[in-house]
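Please keep the sequence and the model in view while reading.

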Amino acid sequence: MESFDFGIVGLGVMGRNLLLNMADHQFAVAGLDLDIEKASSLEKEASNTHQVKGTTSPEEFVKLLKRPRAIMLLVPAGKPVDAAIGTLIPYLEEGDIVIDGGNTFFPDTDRRVEELSKKNIHFFGMGISGGEKGARFGPSMMPGGDQKAYERLRPVFEAIAAKVNGEPCVAYLGNGSAGNYVKMVHNGIEYGIMQLIAETYDLLKRGYNFDDDSLQKTFEEWNHTELQSFLIEITGEVLKKRDDETGQRLVNLISDRARAKGTGKWTSQNAMDLQVPIPSIDVAVNMRDISIYKEERLKASTLLPWNNPDNHDHAGDDAVKEKIKNAFYFAMITIYAQGMAQLHVASKVYNYGLDLEEVAKIWRGGCIIRALCLEDFRQAYKRDNNLPNLLLDNDIARSLIDKQGDIRTIIKDAIDKGVPAPAFMASLSYFDAYRSAILPTNIIQAQRDYFGAHLYERTDKEGTFHTQWD
(Lines give C-alpha, C1' and ligand atoms only; values in the text may rest on other atoms or scores of the structure.)
Protein backbone atom coordinates (compact mmCIF):
# COMPACT_ATOMS: atom_id res chain seq x y z
CA MET A 1 0.00 0.00 0.00
CA GLU A 2 1.02 3.60 -0.70
CA SER A 3 3.92 2.47 -2.88
CA PHE A 4 2.70 3.50 -6.34
CA ASP A 5 3.80 6.78 -7.91
CA PHE A 6 0.80 7.51 -10.10
CA GLY A 7 -2.76 6.34 -10.74
CA ILE A 8 -4.93 6.33 -13.85
CA VAL A 9 -8.71 5.97 -13.91
CA GLY A 10 -10.05 4.59 -17.19
CA LEU A 11 -8.07 1.85 -18.88
CA GLY A 12 -9.25 2.36 -22.44
CA VAL A 13 -6.81 2.98 -25.28
CA MET A 14 -5.38 6.28 -23.99
CA GLY A 15 -5.36 5.40 -20.30
CA ARG A 16 -3.80 2.00 -20.84
CA ASN A 17 -1.08 3.30 -23.13
CA LEU A 18 -0.14 6.21 -20.88
CA LEU A 19 0.04 3.87 -17.91
CA LEU A 20 2.32 1.45 -19.77
CA ASN A 21 4.44 4.41 -20.91
CA MET A 22 4.91 5.40 -17.27
CA ALA A 23 5.81 1.84 -16.30
CA ASP A 24 8.43 1.75 -19.07
CA HIS A 25 10.01 4.81 -17.44
CA GLN A 26 10.33 3.01 -14.10
CA PHE A 27 7.32 4.55 -12.37
CA ALA A 28 5.07 2.30 -10.31
CA VAL A 29 1.53 2.86 -11.61
CA ALA A 30 -1.93 1.72 -10.59
CA GLY A 31 -4.97 1.56 -12.86
CA LEU A 32 -8.68 1.65 -12.00
CA ASP A 33 -11.45 0.48 -14.30
CA LEU A 34 -14.89 -0.91 -13.59
CA ASP A 35 -14.34 -3.45 -16.38
CA ILE A 36 -12.83 -6.52 -14.68
CA GLU A 37 -11.12 -7.71 -17.87
CA LYS A 38 -9.37 -4.36 -18.45
CA ALA A 39 -8.16 -4.22 -14.87
CA SER A 40 -7.01 -7.84 -14.62
CA SER A 41 -5.22 -7.97 -17.98
CA LEU A 42 -3.19 -4.83 -17.31
CA GLU A 43 -0.32 -6.54 -15.50
CA LYS A 44 0.12 -9.07 -18.32
CA GLU A 45 0.82 -6.27 -20.80
CA ALA A 46 3.48 -4.52 -18.71
CA SER A 47 7.16 -5.32 -19.09
CA ASN A 48 7.73 -4.49 -15.40
CA THR A 49 4.83 -6.36 -13.85
CA HIS A 50 5.86 -5.55 -10.27
CA GLN A 51 5.36 -1.85 -11.07
CA VAL A 52 1.83 -2.18 -12.43
CA LYS A 53 -1.38 -2.95 -10.56
CA GLY A 54 -4.94 -3.03 -11.87
CA THR A 55 -8.07 -2.95 -9.74
CA THR A 56 -11.82 -2.37 -9.92
CA SER A 57 -12.03 -1.01 -6.35
CA PRO A 58 -11.77 2.82 -5.93
CA GLU A 59 -10.83 2.40 -2.27
CA GLU A 60 -8.02 -0.08 -3.00
CA PHE A 61 -6.85 2.07 -5.91
CA VAL A 62 -6.47 5.21 -3.76
CA LYS A 63 -4.74 3.29 -0.96
CA LEU A 64 -2.12 2.05 -3.41
CA LEU A 65 -0.85 5.56 -4.16
CA LYS A 66 1.86 7.60 -2.46
CA ARG A 67 0.83 10.84 -0.76
CA PRO A 68 0.10 13.39 -2.06
CA ARG A 69 -1.73 11.19 -4.52
CA ALA A 70 -1.57 11.95 -8.25
CA ILE A 71 -4.54 10.55 -10.19
CA MET A 72 -5.33 11.09 -13.86
CA LEU A 73 -8.84 10.61 -15.23
CA LEU A 74 -9.06 9.34 -18.80
CA VAL A 75 -12.79 8.98 -19.20
CA PRO A 76 -15.21 10.64 -21.66
CA ALA A 77 -15.75 14.37 -21.11
CA GLY A 78 -18.82 15.64 -19.31
CA LYS A 79 -20.79 13.70 -16.71
CA PRO A 80 -18.38 10.71 -16.65
CA VAL A 81 -15.65 13.02 -15.31
CA ASP A 82 -17.89 14.26 -12.49
CA ALA A 83 -18.94 10.67 -11.77
CA ALA A 84 -15.32 9.52 -11.55
CA ILE A 85 -14.46 12.40 -9.22
CA GLY A 86 -17.47 11.56 -7.06
CA THR A 87 -16.30 7.95 -6.79
CA LEU A 88 -12.82 8.98 -5.62
CA ILE A 89 -13.69 11.86 -3.27
CA PRO A 90 -14.53 9.70 -0.20
CA TYR A 91 -10.98 8.31 -0.20
CA LEU A 92 -8.96 11.44 -1.08
CA GLU A 93 -7.21 13.78 1.35
CA GLU A 94 -6.01 17.38 1.41
CA GLY A 95 -3.16 17.97 -1.01
CA ASP A 96 -4.10 15.14 -3.39
CA ILE A 97 -4.11 15.95 -7.11
CA VAL A 98 -6.72 14.95 -9.70
CA ILE A 99 -5.95 15.48 -13.40
CA ASP A 100 -8.54 15.40 -16.17
CA GLY A 101 -6.70 14.18 -19.27
CA GLY A 102 -9.66 14.33 -21.65
CA ASN A 103 -10.92 16.90 -24.15
CA THR A 104 -12.98 18.83 -21.63
CA PHE A 105 -14.61 22.18 -22.36
CA PHE A 106 -12.58 24.64 -20.29
CA PRO A 107 -15.48 26.16 -18.23
CA ASP A 108 -16.13 22.69 -16.79
CA THR A 109 -12.52 22.56 -15.63
CA ASP A 110 -12.83 25.97 -13.95
CA ARG A 111 -15.92 24.70 -12.12
CA ARG A 112 -14.14 21.57 -10.92
CA VAL A 113 -11.08 23.53 -9.81
CA GLU A 114 -13.33 25.67 -7.61
CA GLU A 115 -15.34 22.75 -6.24
CA LEU A 116 -12.31 20.65 -5.30
CA SER A 117 -10.35 23.60 -3.91
CA LYS A 118 -12.98 23.78 -1.15
CA LYS A 119 -11.73 20.36 -0.07
CA ASN A 120 -8.07 21.47 -0.54
CA ILE A 121 -7.70 19.02 -3.44
CA HIS A 122 -5.84 20.24 -6.53
CA PHE A 123 -7.57 19.80 -9.87
CA PHE A 124 -5.70 19.96 -13.18
CA GLY A 125 -7.08 20.07 -16.69
CA MET A 126 -4.50 18.62 -19.06
CA GLY A 127 -4.74 18.38 -22.82
CA ILE A 128 -3.01 15.34 -24.31
CA SER A 129 -2.25 15.07 -28.01
CA GLY A 130 -0.70 12.33 -30.05
CA GLY A 131 -3.37 9.64 -30.18
CA GLU A 132 -2.84 6.02 -29.26
CA LYS A 133 0.78 5.84 -30.43
CA GLY A 134 1.65 9.13 -28.79
CA ALA A 135 0.24 8.01 -25.46
CA ARG A 136 2.30 4.85 -25.59
CA PHE A 137 5.61 6.28 -26.75
CA GLY A 138 5.52 10.04 -26.12
CA PRO A 139 2.64 12.52 -26.30
CA SER A 140 2.54 16.30 -26.10
CA MET A 141 0.89 17.30 -22.82
CA MET A 142 -0.63 20.63 -21.79
CA PRO A 143 -1.27 20.83 -18.02
CA GLY A 144 -2.85 23.76 -16.21
CA GLY A 145 -3.62 24.23 -12.53
CA ASP A 146 -1.77 25.07 -9.32
CA GLN A 147 1.90 25.68 -10.12
CA LYS A 148 3.26 24.36 -6.83
CA ALA A 149 1.22 21.17 -7.12
CA TYR A 150 2.63 20.66 -10.64
CA GLU A 151 6.03 19.84 -9.11
CA ARG A 152 4.54 16.55 -7.89
CA LEU A 153 3.59 15.71 -11.49
CA ARG A 154 6.52 17.15 -13.40
CA PRO A 155 9.02 14.22 -13.11
CA VAL A 156 6.44 11.75 -14.45
CA PHE A 157 5.19 13.97 -17.26
CA GLU A 158 8.64 15.03 -18.44
CA ALA A 159 9.76 11.39 -18.51
CA ILE A 160 6.87 10.12 -20.66
CA ALA A 161 6.50 13.12 -23.00
CA ALA A 162 7.77 13.23 -26.55
CA LYS A 163 11.23 14.77 -26.86
CA VAL A 164 12.57 17.23 -29.44
CA ASN A 165 16.31 17.87 -29.22
CA GLY A 166 16.15 16.37 -25.73
CA GLU A 167 13.44 18.81 -24.58
CA PRO A 168 10.22 17.27 -23.24
CA CYS A 169 7.00 18.30 -25.00
CA VAL A 170 5.26 19.18 -21.76
CA ALA A 171 5.29 22.30 -19.61
CA TYR A 172 3.23 23.94 -16.91
CA LEU A 173 1.04 26.35 -18.89
CA GLY A 174 -0.91 28.41 -16.38
CA ASN A 175 -3.71 28.75 -13.88
CA GLY A 176 -7.09 27.05 -13.80
CA SER A 177 -8.24 25.70 -17.14
CA ALA A 178 -5.18 26.91 -19.12
CA GLY A 179 -4.27 23.36 -20.16
CA ASN A 180 -7.70 22.46 -21.50
CA TYR A 181 -7.96 25.83 -23.23
CA VAL A 182 -4.63 25.41 -25.04
CA LYS A 183 -5.67 21.91 -26.14
CA MET A 184 -8.99 23.27 -27.43
CA VAL A 185 -7.18 25.81 -29.61
CA HIS A 186 -4.70 23.11 -30.66
CA ASN A 187 -7.68 21.14 -31.96
CA GLY A 188 -9.06 24.20 -33.72
CA ILE A 189 -5.76 24.64 -35.55
CA GLU A 190 -5.89 20.93 -36.33
CA TYR A 191 -9.33 21.39 -37.94
CA GLY A 192 -7.99 24.24 -40.07
CA ILE A 193 -4.92 22.41 -41.33
CA MET A 194 -6.86 19.21 -42.05
CA GLN A 195 -9.34 21.22 -44.13
CA LEU A 196 -6.44 22.89 -45.93
CA ILE A 197 -4.92 19.50 -46.77
CA ALA A 198 -8.28 18.26 -48.03
CA GLU A 199 -8.62 21.29 -50.32
CA THR A 200 -5.08 20.82 -51.60
CA TYR A 201 -5.82 17.18 -52.38
CA ASP A 202 -9.06 18.19 -54.15
CA LEU A 203 -7.36 20.90 -56.22
CA LEU A 204 -4.58 18.56 -57.31
CA LYS A 205 -7.01 15.76 -58.17
CA ARG A 206 -10.08 17.49 -59.64
CA GLY A 207 -8.57 20.83 -60.53
CA TYR A 208 -5.25 19.81 -62.04
CA ASN A 209 -5.94 16.15 -62.92
CA PHE A 210 -3.16 14.57 -60.86
CA ASP A 211 -3.56 10.79 -60.67
CA ASP A 212 -3.46 8.82 -57.40
CA ASP A 213 0.22 7.90 -57.74
CA SER A 214 1.23 11.51 -58.35
CA LEU A 215 -0.89 12.70 -55.44
CA GLN A 216 0.69 10.23 -53.05
CA LYS A 217 4.23 11.03 -54.16
CA THR A 218 3.57 14.77 -53.93
CA PHE A 219 2.55 14.64 -50.26
CA GLU A 220 5.40 12.27 -49.50
CA GLU A 221 7.88 14.68 -51.11
CA TRP A 222 6.40 17.71 -49.37
CA ASN A 223 7.11 16.13 -46.00
CA HIS A 224 10.81 16.70 -46.73
CA THR A 225 10.34 20.43 -47.28
CA GLU A 226 9.23 23.40 -45.17
CA LEU A 227 5.80 21.72 -45.03
CA GLN A 228 7.17 18.87 -42.90
CA SER A 229 4.51 17.94 -40.37
CA PHE A 230 2.65 14.99 -38.91
CA LEU A 231 -0.51 15.73 -40.90
CA ILE A 232 1.32 16.00 -44.23
CA GLU A 233 3.21 12.79 -43.38
CA ILE A 234 0.10 10.74 -42.62
CA THR A 235 -1.66 12.10 -45.71
CA GLY A 236 1.08 10.48 -47.79
CA GLU A 237 0.49 7.24 -45.88
CA VAL A 238 -3.31 7.46 -46.24
CA LEU A 239 -3.04 7.94 -50.01
CA LYS A 240 -0.79 4.89 -50.27
CA LYS A 241 -3.08 2.42 -48.47
CA ARG A 242 -5.01 -0.11 -50.59
CA ASP A 243 -8.24 -1.84 -49.61
CA ASP A 244 -7.69 -5.50 -48.71
CA GLU A 245 -10.90 -6.63 -50.45
CA THR A 246 -10.88 -4.67 -53.71
CA GLY A 247 -7.24 -3.68 -54.15
CA GLN A 248 -8.36 -0.10 -54.81
CA ARG A 249 -6.92 2.88 -52.98
CA LEU A 250 -8.80 2.88 -49.70
CA VAL A 251 -9.24 6.67 -49.57
CA ASN A 252 -11.37 6.48 -52.75
CA LEU A 253 -13.82 4.16 -50.95
CA ILE A 254 -14.21 6.27 -47.80
CA SER A 255 -17.38 8.36 -47.42
CA ASP A 256 -17.04 12.15 -47.58
CA ARG A 257 -19.36 12.67 -44.59
CA ALA A 258 -16.97 14.01 -41.96
CA ARG A 259 -17.50 13.60 -38.24
CA ALA A 260 -16.47 15.87 -35.38
CA LYS A 261 -16.36 15.73 -31.58
CA GLY A 262 -16.93 19.43 -30.99
CA THR A 263 -13.53 20.88 -30.05
CA GLY A 264 -13.28 22.85 -33.30
CA LYS A 265 -16.74 24.28 -32.68
CA TRP A 266 -15.74 25.26 -29.13
CA THR A 267 -12.70 27.09 -30.50
CA SER A 268 -14.84 29.07 -32.94
CA GLN A 269 -17.54 29.84 -30.39
CA ASN A 270 -15.06 31.08 -27.82
CA ALA A 271 -13.12 33.12 -30.39
CA MET A 272 -16.35 34.96 -31.20
CA ASP A 273 -16.91 35.60 -27.49
CA LEU A 274 -13.41 37.08 -27.28
CA GLN A 275 -13.78 38.96 -30.60
CA VAL A 276 -10.72 37.22 -32.02
CA PRO A 277 -11.04 36.50 -35.76
CA ILE A 278 -10.15 32.93 -36.75
CA PRO A 279 -11.89 32.63 -40.15
CA SER A 280 -9.84 29.67 -41.42
CA ILE A 281 -10.79 27.59 -38.38
CA ASP A 282 -14.41 28.74 -38.60
CA VAL A 283 -14.66 27.63 -42.22
CA ALA A 284 -13.09 24.25 -41.40
CA VAL A 285 -15.90 23.64 -38.90
CA ASN A 286 -18.45 24.79 -41.49
CA MET A 287 -17.10 22.45 -44.17
CA ARG A 288 -17.47 19.43 -41.89
CA ASP A 289 -21.07 20.52 -41.37
CA ILE A 290 -21.65 20.91 -45.12
CA SER A 291 -20.28 17.41 -45.69
CA ILE A 292 -23.15 15.96 -43.65
CA TYR A 293 -25.73 17.06 -46.24
CA LYS A 294 -24.74 14.38 -48.75
CA GLU A 295 -28.15 13.87 -50.35
CA GLU A 296 -28.66 17.61 -50.85
CA ARG A 297 -25.17 17.97 -52.32
CA LEU A 298 -25.85 15.16 -54.79
CA LYS A 299 -29.01 16.90 -55.96
CA ALA A 300 -27.30 20.29 -56.13
CA SER A 301 -24.45 18.82 -58.21
CA THR A 302 -26.94 18.21 -61.05
CA LEU A 303 -28.98 21.40 -60.59
CA LEU A 304 -26.05 23.81 -60.22
CA PRO A 305 -23.46 22.77 -62.82
CA TRP A 306 -20.37 24.76 -63.79
CA ASN A 307 -18.94 24.22 -67.24
CA ASN A 308 -15.25 24.49 -66.52
CA PRO A 309 -13.50 26.29 -69.37
CA ASP A 310 -10.09 25.28 -68.03
CA ASN A 311 -9.81 21.62 -68.95
CA HIS A 312 -6.06 21.53 -69.45
CA ASP A 313 -4.23 18.55 -68.02
CA HIS A 314 -1.66 19.80 -65.50
CA ALA A 315 -0.86 16.36 -64.07
CA GLY A 316 2.80 16.13 -63.18
CA ASP A 317 3.36 19.84 -63.76
CA ASP A 318 6.18 20.77 -61.36
CA ALA A 319 5.42 24.49 -61.64
CA VAL A 320 1.82 23.88 -60.53
CA LYS A 321 2.99 21.74 -57.61
CA GLU A 322 5.41 24.43 -56.48
CA LYS A 323 2.71 27.10 -56.54
CA ILE A 324 0.33 24.91 -54.52
CA LYS A 325 3.09 24.07 -52.04
CA ASN A 326 3.78 27.77 -51.51
CA ALA A 327 0.05 28.52 -51.24
CA PHE A 328 -0.32 25.75 -48.66
CA TYR A 329 2.60 27.09 -46.61
CA PHE A 330 1.10 30.60 -46.68
CA ALA A 331 -2.34 29.41 -45.54
CA MET A 332 -0.90 27.04 -42.91
CA ILE A 333 1.09 29.85 -41.28
CA THR A 334 -1.98 32.09 -41.12
CA ILE A 335 -3.99 29.29 -39.47
CA TYR A 336 -1.36 28.90 -36.74
CA ALA A 337 -1.28 32.71 -36.42
CA GLN A 338 -5.04 32.84 -35.86
CA GLY A 339 -4.91 30.16 -33.16
CA MET A 340 -1.92 31.71 -31.38
CA ALA A 341 -3.61 35.14 -31.49
CA GLN A 342 -6.61 33.58 -29.75
CA LEU A 343 -4.31 32.19 -27.05
CA HIS A 344 -2.71 35.63 -26.63
CA VAL A 345 -6.07 37.29 -25.96
CA ALA A 346 -7.50 34.44 -23.87
CA SER A 347 -4.45 34.44 -21.60
CA LYS A 348 -5.21 38.03 -20.61
CA VAL A 349 -8.98 37.64 -20.35
CA TYR A 350 -8.83 34.43 -18.27
CA ASN A 351 -5.62 35.29 -16.37
CA TYR A 352 -3.81 32.16 -17.55
CA GLY A 353 -0.35 33.69 -17.80
CA LEU A 354 0.47 31.69 -20.94
CA ASP A 355 4.00 31.72 -22.30
CA LEU A 356 3.46 31.25 -26.06
CA GLU A 357 7.10 30.33 -26.58
CA GLU A 358 6.48 27.35 -24.28
CA VAL A 359 3.29 26.47 -26.16
CA ALA A 360 5.14 26.45 -29.51
CA LYS A 361 7.92 24.42 -27.89
CA ILE A 362 5.70 21.62 -26.57
CA TRP A 363 3.76 21.42 -29.86
CA ARG A 364 6.95 20.60 -31.82
CA GLY A 365 6.70 16.89 -31.01
CA GLY A 366 4.15 14.28 -29.99
CA CYS A 367 1.02 16.24 -30.92
CA ILE A 368 -1.14 16.07 -34.04
CA ILE A 369 -0.21 19.58 -35.24
CA ARG A 370 3.53 19.12 -34.80
CA ALA A 371 5.36 20.71 -37.68
CA LEU A 372 8.75 22.09 -38.68
CA CYS A 373 7.41 25.66 -38.63
CA LEU A 374 6.74 25.52 -34.88
CA GLU A 375 10.43 26.11 -34.21
CA ASP A 376 10.11 29.34 -36.22
CA PHE A 377 7.17 30.33 -34.02
CA ARG A 378 9.15 29.51 -30.90
CA GLN A 379 11.94 31.79 -32.06
CA ALA A 380 9.43 34.55 -32.88
CA TYR A 381 8.06 34.47 -29.33
CA LYS A 382 11.58 34.30 -27.96
CA ARG A 383 12.27 37.59 -29.73
CA ASP A 384 9.03 39.11 -28.41
CA ASN A 385 7.11 37.12 -25.81
CA ASN A 386 4.24 39.61 -25.95
CA LEU A 387 3.82 39.31 -29.73
CA PRO A 388 0.05 39.66 -30.35
CA ASN A 389 0.15 37.99 -33.78
CA LEU A 390 2.77 35.92 -35.57
CA LEU A 391 2.17 37.99 -38.73
CA LEU A 392 3.92 40.88 -36.95
CA ASP A 393 7.21 38.98 -36.68
CA ASN A 394 9.66 40.23 -39.33
CA ASP A 395 10.97 36.79 -40.33
CA ILE A 396 7.52 35.22 -40.63
CA ALA A 397 6.19 38.26 -42.47
CA ARG A 398 8.98 37.95 -45.06
CA SER A 399 8.22 34.27 -45.64
CA LEU A 400 4.58 35.11 -46.37
CA ILE A 401 5.31 38.10 -48.60
CA ASP A 402 7.45 35.87 -50.81
CA LYS A 403 4.58 33.38 -51.25
CA GLN A 404 1.48 35.56 -51.42
CA GLY A 405 1.57 35.70 -55.22
CA ASP A 406 1.19 31.94 -55.44
CA ILE A 407 -1.80 31.68 -53.10
CA ARG A 408 -3.54 34.42 -55.09
CA THR A 409 -2.92 32.46 -58.31
CA ILE A 410 -4.11 29.17 -56.82
CA ILE A 411 -7.32 30.74 -55.49
CA LYS A 412 -8.05 32.24 -58.92
CA ASP A 413 -7.54 28.79 -60.45
CA ALA A 414 -9.87 27.22 -57.86
CA ILE A 415 -12.56 29.77 -58.69
CA ASP A 416 -12.21 29.19 -62.42
CA LYS A 417 -12.30 25.43 -61.96
CA GLY A 418 -15.27 25.48 -59.57
CA VAL A 419 -13.32 23.59 -56.89
CA PRO A 420 -14.17 24.79 -53.36
CA ALA A 421 -11.18 26.23 -51.51
CA PRO A 422 -12.65 28.09 -48.52
CA ALA A 423 -9.69 27.56 -46.17
CA PHE A 424 -7.30 28.99 -48.77
CA MET A 425 -9.67 31.92 -49.37
CA ALA A 426 -10.29 32.60 -45.68
CA SER A 427 -6.56 32.51 -44.95
CA LEU A 428 -5.77 35.02 -47.69
CA SER A 429 -8.70 37.25 -46.68
CA TYR A 430 -7.48 37.20 -43.08
CA PHE A 431 -4.01 38.22 -44.25
CA ASP A 432 -5.36 41.00 -46.47
CA ALA A 433 -7.69 42.33 -43.77
CA TYR A 434 -5.01 42.20 -41.05
CA ARG A 435 -2.52 44.10 -43.21
CA SER A 436 -5.07 46.77 -44.21
CA ALA A 437 -4.44 50.14 -42.59
CA ILE A 438 -7.95 51.17 -43.61
CA LEU A 439 -11.01 48.89 -43.66
CA PRO A 440 -14.48 49.76 -45.01
CA THR A 441 -16.10 49.32 -41.59
CA ASN A 442 -16.60 53.09 -41.44
CA ILE A 443 -19.65 52.56 -43.67
CA ILE A 444 -20.94 49.94 -41.21
CA GLN A 445 -20.59 52.40 -38.35
CA ALA A 446 -22.52 55.00 -40.34
CA GLN A 447 -25.27 52.50 -41.15
CA ARG A 448 -25.58 51.49 -37.48
CA ASP A 449 -25.93 55.09 -36.46
CA TYR A 450 -28.49 55.72 -39.23
CA PHE A 451 -30.91 52.94 -38.28
CA GLY A 452 -30.21 52.57 -34.57
CA ALA A 453 -28.46 55.71 -33.28
CA HIS A 454 -25.57 53.51 -32.15
CA LEU A 455 -23.05 56.39 -32.39
CA TYR A 456 -19.70 56.42 -34.15
CA GLU A 457 -16.17 57.73 -33.63
CA ARG A 458 -14.41 60.21 -35.93
CA THR A 459 -10.87 60.27 -37.28
CA ASP A 460 -10.42 64.01 -36.75
CA LYS A 461 -11.51 64.47 -33.13
CA GLU A 462 -12.13 62.57 -29.88
CA GLY A 463 -15.49 61.37 -28.63
CA THR A 464 -18.58 59.59 -29.95
CA PHE A 465 -21.11 61.20 -32.25
CA HIS A 466 -24.59 60.83 -33.67
CA THR A 467 -25.95 62.34 -36.89
CA GLN A 468 -29.55 62.99 -37.93
CA TRP A 469 -29.01 61.30 -41.31
CA ASP A 470 -32.43 61.96 -42.88
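## Aromatic pairs

Tyr 150 and Phe 157 are both buried, and in this predicted model their rings form a tilted aromatic pair, with 6.4 Å from centre to centre and 45 degrees between the planes. The structure holds 17 aromatic pairs. Another of them joins Phe 106 and Tyr 350, whose ring centres are 5.3 Å apart and whose planes stand at 55 degrees, so this pair too is tilted.

The pair of Phe 106 and Tyr 350 links distant parts of the chain, since Phe 106 belongs to helix α5 (residues 106-117) and Tyr 350 to the loop between α14 (318-349) and α15 (356-362), 244 residues apart. Phe 106 is buried, with a relative accessible area of 6%, whereas Tyr 350, at 29% relative accessibility, counts as partly exposed. Both residues are members of a cluster that ring pairs build from Phe 105, Phe 106, Tyr 181, Trp 266, Tyr 350 and Tyr 352.

## Charges over rings

Aromatic rings also meet charged side chains. The charged end of Lys 403 sits over the ring of Tyr 329, at 4.9 Å from the ring centre, and Arg 458 lies over the face of Phe 465, 5.7 Å from the centre of that ring.

## Salt bridges

The count of salt bridges comes to 37. In one of them the side chains of Arg 112 and Asp 82 meet with 2.9 Å from N to O; Arg 112 lies in helix α5 and Asp 82 in helix α4 (residues 79-88), so the pair ties together parts that are 30 residues apart in sequence. Arg 112 is buried, with a relative accessible area of 1%, while Asp 82 is partly exposed at 29%. A salt bridge also joins Glu 375 and Arg 364, with their closest N and O atoms 2.9 Å apart. Because Glu 375 is in helix α16 (residues 373-383) and Arg 364 in the loop between α15 and α16, this pair ties together parts that are 11 residues apart in sequence. Glu 375 is partly exposed, with a relative accessible area of 26%, and Arg 364 is buried, with 10%.

Arg 398 and Asp 395 form a salt bridge of 2.3 Å, N to O, and, being three residues apart in helix α17 (residues 394-401), they are separated by about one helical turn. Arg 398 counts as partly exposed at 49% relative accessibility, as does Asp 395 with a relative accessible area of 39%. Elsewhere, salt bridges with shared partners join Glu 2, Arg 67, Arg 69, Glu 93 and Asp 96 into one network.

## A buried serine

Ser 427 has its place in helix α19 (residues 422-434) and, at 0% relative accessibility, counts as buried. The side chain of Ser 427 is joined to that of Ser 280 by a polar contact of 2.8 Å, and a polar atom of the Ser 427 side chain lies 2.7 Å from the backbone oxygen of Ala 423.

## A nonpolar surface patch

Leu 250, Leu 253 and Ile 254 make a nonpolar surface patch of about 250 Å². Leu 253 lies in the loop between α10 (230-240) and α11 (263-274) and is partly exposed, with a relative accessible area of 43%.

How values were computed. Residues are numbered from 1 along each chain as its sequence is written. This is a predicted model: local features need pLDDT of at least 70, side-chain atom pairs count only at pLDDT 80 or more; totals for chains, interfaces and linings use all residues. Side-chain values use heavy atoms; hydrogens and water are left out. Patches are made of residues with over 30% relative accessible area and no salt bridge: like charges are joined within 9 Å, nonpolar side chains (Val, Leu, Ile, Met, Phe, Trp, Tyr) within 5 Å. Accessible areas come from the Shrake-Rupley method with a 1.4 Å probe; for residues, only the protein chains shown count as cover. A salt bridge is a side-chain nitrogen of Lys or Arg within 4 Å of a carboxyl oxygen of Asp or Glu. Helices (H or I, at least four residues) and strands (E, at least two) are DSSP runs, numbered from the N terminus. Buried means under 20% relative accessible area, exposed over 50%, partly exposed in between (1.4 Å probe, protein chains only). Rings of Phe, Tyr and Trp (its six-membered ring) pair if their centres lie within 6.5 Å; planes under 30 degrees apart count as stacked, over 60 as edge-to-face and the rest as tilted. A charge sits over a ring if NZ of Lys or CZ of Arg is within 6 Å of the ring centre and within 35 degrees of the ring normal. A polar contact is a pair of N or O atoms within 3.5 Å; within protein, one must be able to donate a hydrogen and the other to accept it, and residues adjacent in sequence count only if both atoms are side-chain atoms.
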